[in-house]
Amino acid sequence: MSIKILSRIVAAIALACLLMVAAPALDGASSAPVWEELQRATHTDDAAVDVVDVELRDGKIYIVVHQPVKVEIFTILGQLVTSRRLTPGLTRLTLPQRGLYILKAGPVARRINI
């Protein structure tokens with residue numbers, strides 16, 4: 001297979017991925033992300049001060065933080081989707097579109113695939 005054909009295939013795949021990620025933002029019908037505080041921590045655990053736990057269930061992101069921290073969600077292209085300063089406890093985040101996201105909370109960064 002020639003390099004010219006291979007580069008066209010790679011460019012077509014990259015364009016398809018870009019359109020899949022960018023299309024929800026272009027339609028205008030998508031709703032805003034929904035943050036829900038489910039449980040507030042009664043005290044902070046000094047041993048787990050820097051720990052951020054992230055779990056995916058049923059298309060929702062569950063975030064447990066042990067100290068106040070700013071949480072940011074980015075698209076895979078680096079565009080900010082939403083951000084919020086969380087208090088210690090459990091918070092659920094529902095994003096309007098399925099896709100690949102980056103979650104950044106303090107020093108922690110995680111890839112999220114919904």
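**Charged pairs and a buried threonine**

Modeller: At 5% relative accessibility, T91 counts as buried, where buried means under 20% relative accessible area, exposed over 50% and partly exposed in between (1.4 Å probe, protein chains only). This is a predicted model in which local features need pLDDT of at least 70 and side-chain atom pairs count only at pLDDT 80 or more, while totals for chains, interfaces and linings use all residues. Residues are numbered from 1 along each chain as its sequence is written, and side-chain values use heavy atoms, with hydrogens and water left out.

Colleague: In which strand is T91 found?

Modeller: Strands (E, at least two residues) are DSSP runs, numbered from the N terminus. The run of residues 89-94 includes T91, and its name is strand β6.

Colleague: How many salt bridges does the structure hold?

Modeller: A salt bridge is a side-chain nitrogen of Lys or Arg within 4 Å of a carboxyl oxygen of Asp or Glu. R57 meets E55 in this way at 2.9 Å, N to O, and K70 meets E72 at 3.7 Å, N to O. The number of salt bridges in the structure is 2.

Colleague: Over the face of which residue does R57 lie?

Modeller: A charge sits over a ring if NZ of Lys or CZ of Arg is within 6 Å of the ring centre and within 35 degrees of the ring normal. At 4.0 Å from the ring centre, R57 lies over the face of Y62.

Methods
Helices (H or I, at least four residues) and strands (E, at least two) are DSSP runs, numbered from the N terminus.
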